[in-house]
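Hi,

Here is the model I promised to pass on. Have a look at it first, and my notes on what turned up follow below.

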Amino acid sequence: MARPPARILIVGAGPAGLRAAEMLAEAGCTPILVDEAPRVGGQIYRQPPRVPGFMRTASELYGAAADRARDLFVAFDRIRHRIDYRPGRLVYDLIDNRAIVASAGKSEEIEFDALILATGAMDRIVPAPGWTLPGVYTLGGAQIALKHQGCAIGSRVAFVGTGPLLLLAAYQYAKAGSPPAAIVLPTHFRSFATAGLRLLGLPREFLLGLFWLLDLKRRGVPILFGHRLAQVIGEESVTGIVVKRRGQSREIACDAVAVGYGLQSETQLADLAGIKFAFDVVRRQWLPEADPLGRATGRKDVYLAGDGAGMLGADAAEARGRLAAHALMTDLDISHVTYRPKLDLEAVARAVKLQAAMRIAFELPGDFFAAISDETILCRCEQVLASEVRGVAGLMGARELNRAKSYSRVGMGRCQGRLCGHAAAEILADKLGVSVDSVGRLRGQPPIKPVSVATVAERKT
Amino acid sequence: MSEPRLQRIKDQDRRLIEIIVDGWAMSTMEGDTILVAILAQRGHLRDAPGEPLSAGFCLMGACQDCWIWLDDGRRIRACTTYAEPGMRIRTTWPDRLLAS
């Protein structure tokens, strides 16, 4: 008797999810691919809407990564009629082997035998006074405005934070005809230079970074190493920023701010799936654990791929998508084309090396979180101040983040701590004088993003 | 009215459509998200009593900063909802919800 085909669900249609889907489709499987966006590509290869008048080519949209993006879209076009692709849907809960999905105001359930989570990442935010003013956006948001909608977030944008995305986004804005007001990094130039030496072993990335930097310099964009964002100024909208270096303040006029301190994994679904989490010292984030191929620790039917399982970037995400699909098919005895994981494992190893260099390049000063002023809004959903989190530290056993959340409402709002969780943990740990891993992590809660009561009530059981 | 928040710099040759924001007709482009449609003409998105002005933050459906309303009281996330001709949008609490 023929076995019924395995029901395979992939969450996320970015580089990891798409490569996993491709490999499964090529082996004759029909995975279900659920994605929140209306078109594939994830955030990194976000596409403009399919509407006449969006004319930019892949090179204009994705620059140096245009070939990667094109290859990925071609691969998707080849498999889209062989897989069950469901765009515009949110998996908002996982119960045993069922995914609960919001789809056009209703809930549907998808049962699976195996699940690949390719949930991606978002900007890591560190708050500063004034960061909730209209006109402050994440770096990723600034990029998406441009890629997806052809808009700049302002006419004179200050780019603030750390990470390669900072330079890339600023470069993209300059190239699109919107020269940045300034680039502000808390990192010191010497750590940047040290990392440069390390990057000599990765010449492509080194040259690319150097190219962005020199291009911005050539355009006369001020690049301020060793400066911290002290305040965003404005009444109803951003009119400038104050930056500080060694006690000296300086004001920069701008009408928008793009801010981001690297990227953090979206781990809520892995949490709901019951995967074991471990603290990643390098990324300073709790991450779901998996073996090198992506087999999640704690569940036999769940696989992790891409940046949702720890930031390594888009190229590694493609590799990790294939590795996870390979592991899944090996485990379920699904015969598939000869695939030797060696090349993809090497791609991942290369990305790990790159990340290590980036960590040095964009190292945050040791007192970065301690220096966040008391009156800074930490949690924008619930309007919780840094002082309130410091105030509950240690009270009635609040040595742990979820306890501090109960007392102060930090991380209790609509975004579920995506924006404030990292800073809240660092501030709490700093106040208690303990390491950040010892305060734990905010637990994932269903629904992982807001859905209407009607949507939940419409759930077919 | 406040200065426009967003600047259109690419792909501006698109069909114009009309939406209704707080009772006023607003011309925008096909393919715009609600967030872009409004912020290409105004400085902020949501102006609800007891809350700070909002103009969105992450633009990728994660931060939940950009929720506004349809006239019928339903909430929409402005950065992931596309403008459609005739759509009726409220940037503050719809009367319907306040009355009930």
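**Notes on the model**

S452(A) counts as partly exposed because 13 other C-beta atoms lie within 10 Å of its own. For burial, a residue is buried with 20 or more other C-beta atoms within 10 Å, exposed with 12 or fewer, and partly exposed in between, with C-beta atoms placed from the backbone. S452(A) sits in the loop between α13 (421-432) and α14 (453-457) of chain A. Its C-alpha atom is separated by 45 Å from that of K342(A), and the two residues are 110 apart along the chain.

Before you go further: this is a predicted model, where local features need pLDDT of at least 70 and side-chain atom pairs count only at pLDDT 80 or more, while totals for chains, interfaces and linings use all residues. Residues are numbered from 1 along each chain as its sequence is written, and chains are lettered from A and ligands numbered from 1 in the order in which they are written.

**Chain A overall**

Chain A has 14 helices and 23 strands; helices (H or I, at least four residues) and strands (E, at least two) are DSSP runs, numbered from the N terminus. The radius of gyration of chain A is 22 Å, close to the 23 Å that the globule rule gives for 461 residues, so chain A is as compact as a globular protein of that length. That radius is taken over C-alpha atoms, and the rule is 2.2 Å times the number of residues to the power 0.38. Along the principal axes, the C-alpha atoms of chain A fill a box of roughly 75 × 55 × 45 Å. Of the 461 residues, 51% count as buried.

In α9(A), 15 of the 18 residues are buried. The end C-alpha atoms of α9(A) are 26 Å apart, which agrees with the 26 Å its 18 residues should span at 1.5 Å a residue; the expected span is 1.5 Å times one less than the number of residues.

Strands pair here if DSSP finds at least two bridges between them. β17(A) pairs in the parallel sense with strand β9 (residues 136-138) of chain A over three bridges, and V136(A) stands opposite V257(A). β17(A) also pairs in the parallel sense with strand β11 (residues 157-162) of chain A, over six bridges, with V160(A) opposite V259(A). Leaving out residues up to four places away in sequence, V257(A) touches both V136(A) and V160(A), among others.

**Where chains A and B meet**

In all, 34 residues of chain B are in contact with 40 residues of chain A. The chain B side divides into 14 nonpolar, 10 polar and 10 charged residues. Here Ala, Val, Leu, Ile, Met, Phe, Trp, Tyr, Cys and Pro count as nonpolar, Asp, Glu, Lys and Arg as charged, and the others, Gly among them, as polar. Strand β10 (residues 151-152) of chain A pairs with strand β1 (residues 7-8) of chain B in the antiparallel sense over two bridges, and C151(A) has R8(B) as its bridge partner.

Most residues other than glycine have a negative phi, and most peptide bonds are trans. The peptide bond from P446(A) to P447(A) is cis, with omega near -10°; P447(A) is in the loop between α13 and α14 of chain A. D333(A) has a positive phi, near 60°, and lies in the loop between α9 and α10 (342-361) of chain A. With 8 C-beta neighbours inside 10 Å, D333(A) counts as exposed. R284(A) has a positive phi of about 50° and counts as partly exposed, with 18 C-beta neighbours inside 10 Å.

Cheers

Note on methods
Contact = placed C-beta atoms within 7 Å.
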